[in-house]
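Student: Could we go through this model together, taking the aromatic rings and then the strands in turn?

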Amino acid sequence: MPHFIPRDGLHVVLDWAEPGKPFVTTCIHEYHNDITIVVVPPGFRTDFASVPWFFRRILPQVGKYSRPALFHDKLYREGLVTRVQADAAMLAMMKHDGVALWQRWAIYAAVRCFGWIPWNKLRRGS
């Protein structure tokens with residue numbers, strides 16, 4: 001059974017010094033399931049869901065899907081799994097967290113269609 005630590009929610013602070021990634025974790029966040037463990041350290045920067053500004057009225061950057069988005073960012077940056085595996089893990093985490101079906105599939109479709117851009121950028125180191 002998947003579980004998250006800390007159980008009482010996300011522990012982050014806002015830091016507008018890096019506007020593209022303004023949320024910074026303040027403690028360790030962990031995700032466990034039967035197959036994998038994902039650990040996000042303190043000081044990890046994220047924007048949660050990378051939603052273009054023109055879609056943010058219907059799908060804000062922060063929502064019930066924030067925790068899965070945090071772990072997805074970590075998986076993308078580490079590159080220890082394939083992009084397909086990272087995207088599938090996010091979909092499973094969103095289901096576990098009770099994200100609405102339409103939101104899960106909208107976010108999953110977006111990362112499958114456009115996730116190659118940050119994935120390739122991170123692989124190049126730029």
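Predicted model: local features only at pLDDT ≥ 70, side-chain atom pairs only at ≥ 80, totals over all residues.

Student: How are the planes of Phe-23 and Phe-48 set in their aromatic pair: stacked, edge-to-face or tilted?

Tutor: The ring centres of Phe-23 and Phe-48 lie 4.7 Å apart, and a pair needs centres within 6.5 Å. The planes stand at 50°, whereas stacked requires an angle under 30 degrees and edge-to-face one over 60. The pair, one of 6 aromatic pairs, is therefore classed as tilted.

Student: Which parts of the chain does this pair link, and how many residues apart are they?

Tutor: Phe-23 belongs to strand S3, residues 23-25, while Phe-48 sits in the loop between strand S6 (45-46) and helix H1 (66-78). Both Phe-23 and Phe-48 are buried. The pair thus links distant parts of the chain, and the separation is 25 residues.

Student: Is Phe-54 buried, partly exposed or exposed?

Tutor: Phe-54 is joined with Trp-53 and Phe-55 in a cluster linked by ring pairs. The relative accessible area of Phe-54 is 53%, and because the cut-off is over 50%, Phe-54 counts as exposed.

Student: Which strands stand at the edges of the open sheet, and why is one side of each left without a neighbour?

Tutor: The sheet has 3 strands in the order S2-S3-S6, with antiparallel pairing. Each edge strand has a single partner strand, so one of its sides has no neighbour in the sheet. The edge strands are S2 (12-14) and S6.

Definitions and conventions: Residues numbered from 1 in each chain as written. Heavy atoms only, no water. Helix = DSSP H or I, 4+ residues; strand = E, 2+ residues; numbered from the N terminus. Buried < 20%, exposed > 50% of the residue type's maximum accessible area, 1.4 Å probe, protein only. Pairing = 2+ DSSP bridges.
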